[in-house]
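Here are my notes for you, written as numbered points. Have the model open while you read them.

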Amino acid sequence: MNEDQGSDSRVSVVTVDDLDAGYGSVQILHQVSMTARTGDVTCIFGPNGCGKSTLLKAMAGVIDPWAGKVTLDDDDLTHLPSHRTLGRGLAMMPQGGGV
């Protein structure tokens, strides 16, 4: 057991498979895939406008993905609205003080 995880050794896995998403008719994400696990540090980085926020919004249900799949453990979150993904344990925390 990892010391930083305390007594709860449960490992959750968020998986994104071949995700496409965008706004209106403009596609921003093209077949993006990634995995993030409890206890790991997962970074999403790149220049302004490359789709970082769009990816997180699609994962959290803020926008509806056009194609692909988002799962938390074995739970399919792909087309759930944000209040449902939050209830399943996945949320998006925006940058800044407007929370």
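1. Start at the hairpin of β1 and β2, which has two residues between the strands. There, G24 takes a positive phi near 60 degrees. Strand β1 covers residues 13-23 and β2 covers residues 26-37, and the two pair in the antiparallel sense over eight bridges. For one of the partners, look at V16: its bridge partner in β2 is M34. Strands here are DSSP runs of E with at least two residues, helices are runs of H or I with at least four, and both are numbered from the N terminus. Two strands pair if DSSP finds at least two bridges between them.

2. A word on what you're looking at: this is a predicted model, where local features need pLDDT of at least 70, side-chain atom pairs count only at pLDDT 80 or more, and totals for chains, interfaces and linings use all residues. Residues are numbered from 1 along each chain as its sequence is written, and side-chain values use heavy atoms, with hydrogens and water left out.

3. Now the wider layout. The chain has two helices and four strands, and along the sequence they follow the pattern β-β-α-β-β-α. The strands form an open sheet in the order β2-β1-β3-β4, with antiparallel pairing. Its edge strands are β2 and β4 (75-76), each of which pairs on one side only.

4. On to the other partner of β1. Strand β3 (residues 67-72) pairs with β1 in the antiparallel sense over five bridges. Which residue of β3 is the bridge partner of D17? That is K69. Elsewhere along this pairing, T15 stands opposite T71 in β3.

5. (Buried means under 20% relative accessible area, exposed over 50%, and partly exposed in between, using a 1.4 Å probe and protein chains only.) Which residues does T15 contact, leaving aside its neighbours within four places in sequence? They are M34, T35, K69, V70 and T71, where contact means heavy atoms within 4.5 Å.

6. D18, in strand β1, has a positive phi of about 50 degrees although it is not a glycine. D18 counts as partly exposed because its relative accessibility is 43%. D73 is also not a glycine, and has a positive phi of about 55 degrees. You'll find D73 in the loop between β3 and β4; its relative accessible area is 30%, so it is partly exposed.

7. Next, helix α1. Its buried residues are T54, L55, A58, M59 and A60. As background, an α-helix has 3.6 residues a turn, so residues three or four places apart point the same way. What covers the buried residues of α1 includes β1, β2, β3 and α2 (82-88). Just after α1, G61 takes a positive phi of about 85 degrees.

8. What about pockets? The largest pocket has a volume of about 360 Å³ and is lined by 17 residues, of which V14, L56, M59, L90 and A91 lie nearest its centre. β2 and α1 (52-60) each supply at least two residues of the lining. The lining divides into twelve nonpolar residues, four polar and one charged. For the terms: on a 1 Å grid over the protein atoms alone, a pocket is an open set of points with protein on both sides within 12 Å along at least five of seven lines, where a 1.4 Å probe fits, and lining residues have an atom within 4 Å of a point. Grid points are joined across faces, edges and corners, and the volume is the space filled by probe spheres set on the points. Ala, Val, Leu, Ile, Met, Phe, Trp, Tyr, Cys and Pro count as nonpolar, Asp, Glu, Lys and Arg as charged, and the others, Gly among them, as polar.

9. Last, the cysteines and some totals. How many disulfides (pairs of cysteine sulfur atoms within 2.5 Å) turn up in the whole structure? The search finds zero. C43 counts as exposed because its relative accessibility is 55%, while C50, at 38%, counts as partly exposed. Of the 99 residues of the chain, 27% count as buried. Among contacts between residues at least 6 apart in sequence, 49% join residues at least 24 apart.

Technical notes:
A disulfide is a pair of cysteine sulfur atoms within 2.5 Å.
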